Amino acid sequence: MASGRVLVLGGGGREHAIAWKLAAEAGVDEVVVAPGSGGIGDEPGVRVLREVELLDPASVVAAALASGADLVVVGPEAPLAAGVADALEGAGVAVFGPSRAAARLETSKAFCHAVAEAAGVPMARSRAFAGGEAGAALGWIRELDAEGLRAVLKADGLAAGKGVVVCESLEQALELAPSFLVGRSADQPALVVEERLEGREASVIAICDGDDAVALPAARDHKRLCDGDLGPNTGGMGAYSPLPDLDDRAVEAIVESVHRPLLAEMARRGTPFRGFLYAGLMLTAAGPRLLECNVRLGDPEAQVILPRVAGDLAGLLFAAAHGDLATMGRRAVAASGEAAVGIVLAARGYPGDPRRGDPIDGIEAARSQGALVFHAGTVKRPAGGFGTNGGRVLAVVGRGPSLADARRAAERAADAISWDGVERRHDIAAELPEPAHLVGAAR
Ligand SMILES: Nc1ncnc2c1ncn2[C@@H]1O[C@H](COP(=O)(O)OP(=O)(O)O)[C@@H](O)[C@H]1O
Ligand SMILES: [Mg+2]
């Protein structure tokens, strides 16, 4: 793409980061974000197109044609599961994001396990159960227990981060497992039961074009609401990149041993995967294990990964959308030497029912320190400025030569922003693992 217009679908912090990155690139004339948000629309070179129904493929095609987009980048998973990429491709619009069939890697955990097994990609040992198979599920949980292993229960299907229970005891697993199968049909898996793995997690995401993959810098997110990884699970309260325990060579080794085999198996099945392929990994003593696939960038991982992409992102996405990634001659994006730490500011009540409408102070003060502020749940106030309008409201990203510097910058910028009821963690990237090389360990 010599130059062109990119349509980004979505309106959260991840999409703000994508739009911010693309709008700054020489090869991009304009970024249109649909439906976007007030905060995203204020970004230089970014225009918001409100009138779009993201889960309606026809509405998305109409928006793409009306905006004259040369490329559509799909942010969240739900439109992909609804077949938006298929419809765009059918209408002759270049799209970066998987077909509905390929998005099953995220929308069905049982499918992901089946593909990974066929591809020789190590995951937690698991079995899938359909309605009526509660007895078999309990039997498998007892088998794991006999080996001294706890169970993880996962609902099959999109659950917005609320479908997984990491069990602390045999009793808990036995008690909860049947509830996943109540009222479910006998012909489809409804529950995946996995062995519980131990280790640190990492997110390794690659730009994929169906058979080739280019690695993005690795990141780690913090899912629990409160400091010390306590409290309820959320969409993510912060993230950092790079990872001291996963250097560039280790990231490339993971793309080689996880992403590329998955791509090959998806292509063999006639459903090639094009888009961001996100491998959620557990770095175990025996090597990395795939916990799940997502079919898009993570949020808030995107907010710390994209500021570290030094080169041109639009060119890679455009090439990938056309199946030409190999012509770019890269195995990994060029990453800046800077580290990035992102802190999510949430509204009181999150992850339950968040309070809305509180005026936000200090966004410009944070930016004037050099921090990036990405909008997730904000609304423009008639009197000027922004108000809270969602659970996760902002992501504040600090950068610096080291993770410690980036963390200090992020903390200082987050301190500059306030509203009545703001909640955040104070320990994002506070405890860093020792550097360790895991090259080749995925085999
Ligand atoms: N086999 C496992 N062993 C230990 N923890 C796990 C396992 N699978 C998932 N988890 C934990 O549960 C979280 C959510 O699981 P994941 O498969 O990523 O589902 P989702 O993101 O759809 O909720 C993971 O980030 C991880 O912390
Ligand atoms: Mg996950």
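## Contact between domain 1 and domain 3

In this predicted model, 23 residues of domain 1 are in contact with 26 residues of domain 3, two residues being in contact if their C-beta atoms, placed from the backbone, lie within 7 Å. The protein chain is divided into domain 1 (4–82), domain 2 (125–195) and domain 3 (200–416), with bounds that come from an automatic or database domain assignment. The C-alpha centres of domain 1 and domain 3 lie 18 Å apart.

On the side of domain 1 that touches domain 3, helix H1 (13–23), helix H2 (38–41), strand S4 (71–74) and helix H4 (77–81) each supply at least two residues, and the largest share, seven residues, comes from H1. Helices (H or I, at least four residues) and strands (E, at least two) are DSSP runs, numbered from the N terminus. By class, that side of domain 1 has 11 nonpolar, eight polar and four charged residues, where Ala, Val, Leu, Ile, Met, Phe, Trp, Tyr, Cys and Pro count as nonpolar, Asp, Glu, Lys and Arg as charged, and the others, Gly among them, as polar.

## Numbering and confidence limits

Residues are numbered from 1 along each chain as its sequence is written, while chains are lettered from A and ligands numbered from 1 in the order in which they are written. Because the model is predicted, local features need pLDDT of at least 70 and side-chain atom pairs count only at pLDDT 80 or more, whereas totals for chains, interfaces and linings use all residues.

## Nonpolar cores

A nonpolar core is a set of buried Ala, Val, Leu, Ile, Met, Phe, Trp, Tyr and Cys residues joined through C-beta atoms within 7 Å; a residue is buried if 20 or more other C-beta atoms lie within 10 Å of its own, exposed if 12 or fewer, and partly exposed in between, with C-beta atoms placed from the backbone. The largest such core has 130 residues, of which Val72, Ile207, Leu277, Leu317, Val341 and Val396 touch the most other members. Helix H10 (residues 248–268) gives the most to this core, with nine residues. Domain 1 and domain 3 both give residues to this core, so it lies between them.

Leaving aside residues up to four places away in sequence, Val341 touches Tyr240, Val304, Val397, Gly398, Leu403, Ala406, Arg407, Ala410, Ile428 and Ala429. A second, separate core of 19 residues includes Phe129, Ile141, Val152 and Phe180.

## The parallel sheet

Five strands form an open sheet in the order S3-S2-S1-S4-S5, with parallel pairing, two strands being paired if DSSP finds at least two bridges between them. Strand S3 (46–48) and strand S5 (95–96) stand at the edges, each with a single partner strand, so one side of each is left without a neighbour in the sheet. Strand S1 (residues 4–10) and strand S2 (residues 28–35) pair over seven bridges in the parallel sense, and Arg5 stands opposite Glu30 in S2.

H1 packs on this sheet, touching S1, S2, S3 and S4, and its direction makes about 165 degrees with that of S2. Helix H3 (residues 57–67) also packs on the sheet, touching S1, S2 and S4, with its direction at about 155 degrees to that of S1. For these angles, axes are lines fitted to C-alpha atoms, for helices over the stretch in contact, and values run from 0 to 180 degrees between N-to-C directions.

## The antiparallel sheet

An open sheet of four strands has the order S11-S10-S16-S17, and its pairing is antiparallel. Strand S11 (213–215) and S17 stand at the edges, each with a single partner strand, so one side of each is left without a neighbour in the sheet. The twist averages 35 degrees from one strand to the next. Strand S10 (residues 200–210) is joined to S16 by 11 bridges, and the bridge partner of Ile207 in S16 is Phe276.

Strand S16 (residues 273–284) is joined to S17 by seven bridges, and S16 and S17 form a hairpin with two residues between them. Six of the eight residues of strand S17 (residues 287–294) are buried, so S17 is largely enclosed by the rest of the structure. H10 lies across S10, S11, S16 and S17, running at about 50 degrees to S10.

## Local backbone features

Cis peptide bonds join Ser241 and Pro242, with omega about 5 degrees, and Asp299 and Pro300, with omega about 25 degrees. Pro242 is found in the loop between strand S15 (238–241) and H10, whereas Pro300 lies in the loop between S17 and helix H11 (301–305).

Ala429, in the segment after helix H14 (403–416), has a positive phi near 65 degrees although it is a residue other than glycine, and Ala429 is buried, with 25 other C-beta atoms within 10 Å.
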